[in-house]
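Please keep the sequence and the coordinates in view while reading.

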Amino acid sequence: MNTPPRRSRSLFKPRRVEDEVGAEFAFHVDMVIQTLVADGMTPEAARAEAVRRFGDMVVVSAECQRFGRQRDRTRSRAEYLEELRQDVAFALRQLGRARGFAATATATLALGIGATVAVFSALYAVALRPLPFTEPDRVVQLLATRRGETEQIFSSGEFAAIRDRRDAFASVAAITGGGFTLTGMGVPELVGGALVTADYFRVLGVSPLLGRGFLPSDDVEGAPRVILMTHELWTNRFASDTSVIGRTIRLDDEPSTVIGVLPAAFDGVGTEDALWAPLRLTTAQLTSNSGRWLRLVARLAPAVTREHGADAAGKAMQELAARTPGASRTVSAVVRSYLDGIAGKPRERLLVLFGAVMLVLLIACVNVANLLLARGTERARELAIRAALGAGRGRLVRQLLVETLVLSLGAAAVGLAIAFALMKGLIVLAPENTPRLDQARVNGIVLLFSLGLAVASSIMVGLVPALRGARTSLQSTLREGGRGTAGSGQRDRVRATLVAAEVALAMTLLIGAGLLIRTAWHLQRVDPGFHADHVITARVLLPAARYRDTAQITRTYTQIREAASQVPGVRRVGLVSLVPLTGGVLGTRITPEGKQLDADEQIAIDIRYASPDFFAAMGMALLDGRDFVREDDATAVSVAVISASLAGKLWPGERAIGKRIDAMAVESGKPNWMTVVGVVPDVRSEALNAPVAPTLYMPYTQTPAGMWNATGRSLVLVARTSPEPEAVVRSLQQAVATVDPLLPLVDVSTMERLLAESTAGTRFNMLLLVTLGALALVLASIGVYGVVAYYVSQRTREIGVHMALGATPRDIWRLVLGRGLRPILWGLVVGVGLSLGAGRVLRGQLYGVSTQDPATLAAVVGVLLGVAVVATFVPAMRAIRVTPARALAAE
Amino acid sequence: MPPTDRLHGTLDALVLKALTFGPRHGFGILRWIAERTSDVVNVEEGSLYPALYRMERDGWLDATWGVTDQGRRAKFYAITPKGRRHLASETRDLETFISAIAPVLLPAWAAR
């Protein structure tokens, strides 16, 4: 097994190359001298002649040494590889002999590695993988900070001002989203899309696969509408037909000419947009600073940092504000990477998960290290004999490390298969809107990562046992009859430390899982402000080409509401601009009557348009006053219903009904007085765990024309039904079709589903953390069991002697339980410290629970202790059954 | 392997040939070459030793330190199978070379 190196090193060989060359040359010169002396020369003359013949000895020697060193390097590499090959072959034989051990260790590590690789591949796909843009690092998203609140939208004037900052931005583009209604191709269909300025694709650095991109001339007022589409839409709806270029399709009933198709790589950038048309901002819009409705993306100029970009954009906004009467000057800009913009939140979630799986992997490693330590004891004799046969300590350590490396490489291979399956599950379980997750693959980076994990875990697993194993002395091992108890006291300590580490890691994970369970529990009890059961919602959009006039728009919606109320099973039906929990904000600032507030002091609110019966349909009980009525139309006095929090903010302790509010009209800047007629509960517009925003509801019949454009002339139909809400979808569709057969119903959902989706992210992380926590618990309890069981098996004789000397079973209990519980208690102490740190990482995802929640801590400590006691109990039972006779028989 | 230049190649071939009759030390190789070429070819030490180290590095030669008949410590070289293969190919190349230039430079010798 330990064959000597093939090339025998003769005893005479000088160790260093320079000595070797020197000795060889000296011998040569001596031989020449001998010959010359034999031919009759004097020794002195002969020496001089020999040296002369040799030539420049320094130069020749240097050349020989160079070749000699090269030779030694090649040779040591070859020897190393040969030894490695032997080690690998030996490790395979050893593992083959200990099948049970190999299977347990491989399975444990494979689980850890598999879970880690699966989460890593998701993390990589979502948050680390570069976007398919040219120089993606320079592509940024701009955000505006106004009075300490950060928002995504800018005014068109701000866009123009920022675009002119050529010193900071190579190009800037504005986007306004929504979608297009595609008609003339069967059923009218809403396709995700956006209106963008001509530079949009220049900002991203993407060129069309087919056709051309937008030109500045496409993006001016009155230019015929042209569109670009994604590869996916082109494939699915146009059968990859290249003749689509130049074809005219109807979008929102406006003829639009297809000018290009984007490359397939652009499909997966995390937005749902599939069509783009130029925004065609008018000259008036480009100088107007009222109304914020554009999102901005930009490409930083070369060598410009994000901070510098934010500075430049902020300055441009402030200069514009200074020229705009009444505008707040406390504005600044934030620049964040485009990737952060689309993947920031899911990245945070996935990082938490990644931390959790790394903990599980660590626990798995500790478990396998423990197994190896036990095995090391059994193998102490073999190692001692090999050491006696001349294997150096380094060689033995390497041999043992190679064994764990072989083990963990095998585990990584199995782990990859596990990861493959887990990844599929992860994609299914993850919140639906996680960007780019569907593109998670096992690719080169993931493979490299797995390889790295395998090497890292083999070192973690193998180093301590290997160093320990190699230290085993021949004498003590053989003297103890090869029972392998050499240094067993020390070994017990190491194993106890490992168990403590395992418990601490498991505790950290369980605390995280516990905090998320508590968060989910709190979310369950949040009062959403509405009754979610039996409510269906569906958005109706009125295409701009056919619905331009405000009166016509409101008339159509009134007809739609009437038609929908006739549908059997529909009890109450209303319309609203935005449903709770679906995100999307239309904000403005208001002033209560009797106060003079400048731009900075006005109260920021969310604004909604609603019809009579919306509150009833949504199940929002009126707290005071009345609902909107049919008579609140464009000719009547302007009225508003406000949320409870807004009422409290405007008139604390007073009744709000009958008071007046000024909401500045977006386009005119003139006062727009509204009388409060009702107060309703607060609802959350983003998610259940988001703070409530003060909200003002206006009748849709009093909506200014400009607002219809800002909302894309769309309202959501909200119906409270007697049967299950899904049952009425078809009838609702037919009812809408009686008003206009070309109107699509989109975003059809139920409030119950929206509620569930709103907490999907939290539930996803909770589910996975609980699963991982359970896995950690199982691994940790196996570890505890292993240590105690091993202790008992090693101490059978000692226990027997104790019993013979009169120890009661109770004493033995105490001895064994103490042995098992002590490391667990240590682990719990360390675990408290660790979990406080880990809790901080989770903070952003918690709701209604502090990172140091005592209830969670108590529950986790309880669970861990309980499991540990059970894991200790089983071997302890065995210990008290030891009889002196059996203990001696074991010898 | 790039064709070594003619001079190097010939020296290598001579050294390898010397070793086909058994291991020798450097001095022994020089003596063997001188004897076999009737003292016409006198390889210099400055060429021989670097060649030996180079061929050892390349695995054509294998070296061991041993003791001479006179009881002196010396480095002995032996030819390896790889060295033998190289010798064969070098010899073939030399043959091609000589049969190409001989008719030009040595018509009389070539005609023999």
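The contact draws 18 residues from chain B and 20 residues from chain A, two residues being in contact if their C-beta atoms, placed from the backbone, lie within 7 Å. On the side of chain B that touches chain A, at least two residues each are supplied by helix 2 (26–36), helix 3 (45–57), strand 1 (61–67) and strand 2 (73–79) of chain B. Helices (H or I, at least four residues) and strands (E, at least two) are DSSP runs, numbered from the N terminus. Helix 3 of chain B gives the largest share of this side, eight residues. Sorted by class, the side of chain B that touches chain A holds six nonpolar, four polar and eight charged residues; here Ala, Val, Leu, Ile, Met, Phe, Trp, Tyr, Cys and Pro count as nonpolar, Asp, Glu, Lys and Arg as charged, and the others, Gly among them, as polar.

Some conventions apply throughout: residues are numbered from 1 along each chain as its sequence is written, while chains are lettered from A and ligands numbered from 1 in the order in which they are written. As this is a predicted model, local features need pLDDT of at least 70 and side-chain atom pairs count only at pLDDT 80 or more, whereas totals for chains, interfaces and linings use all residues.

Chain B has five helices and two strands, and from the N terminus on its elements follow the order α-α-α-β-β-α-α. Taken along the principal axes, the C-alpha atoms of chain B fill a box of roughly 50 × 30 × 25 Å. Within this chain, helix 2 of chain B packs against helix 3 of chain B at an angle of about 120°, with their axes 11 Å apart. Axes are lines fitted to C-alpha atoms, for helices over the stretch in contact, and angles run from 0 to 180 degrees between N-to-C directions. Helix 2 of chain B is therefore oblique to helix 3 of chain B, given that angles under 35 degrees count as roughly parallel, over 145 as roughly antiparallel, 65 to 115 as roughly perpendicular and the rest as oblique. In this pair B:Gly26, B:Ile29 and B:Leu30 of helix 2 of chain B meet B:Leu48, B:Tyr49 and B:Leu52 of helix 3 of chain B. Their contact comprises five nonpolar, one polar and no charged residues.

Chain A contains 25 helices and 25 strands. Its division is into domain 1 (17–86), domain 2 (149–329), domain 3 (343–525 + 760–889) and domain 4 (543–742), with bounds that come from an automatic or database domain assignment. Between the C-alpha centres of domain 2 of chain A and domain 3 of chain A lie 53 Å. Along its principal axes the C-alpha trace of chain A spans about 130 × 90 × 55 Å.

The axes of helix 5 (residues 156–163) of chain A and helix 9 (residues 306–323) of chain A come within 9 Å and cross at roughly 130°, so the two helices are oblique to each other. The contact of helix 5 of chain A with helix 9 of chain A has six nonpolar, one polar and two charged residues. For helix 4 (residues 99–128) of chain A and helix 11 (residues 393–429) of chain A, the packing angle is about 45° and the axes are 6 Å apart; these helices are therefore also oblique to each other. Their contact divides into 20 nonpolar, six polar and no charged residues.
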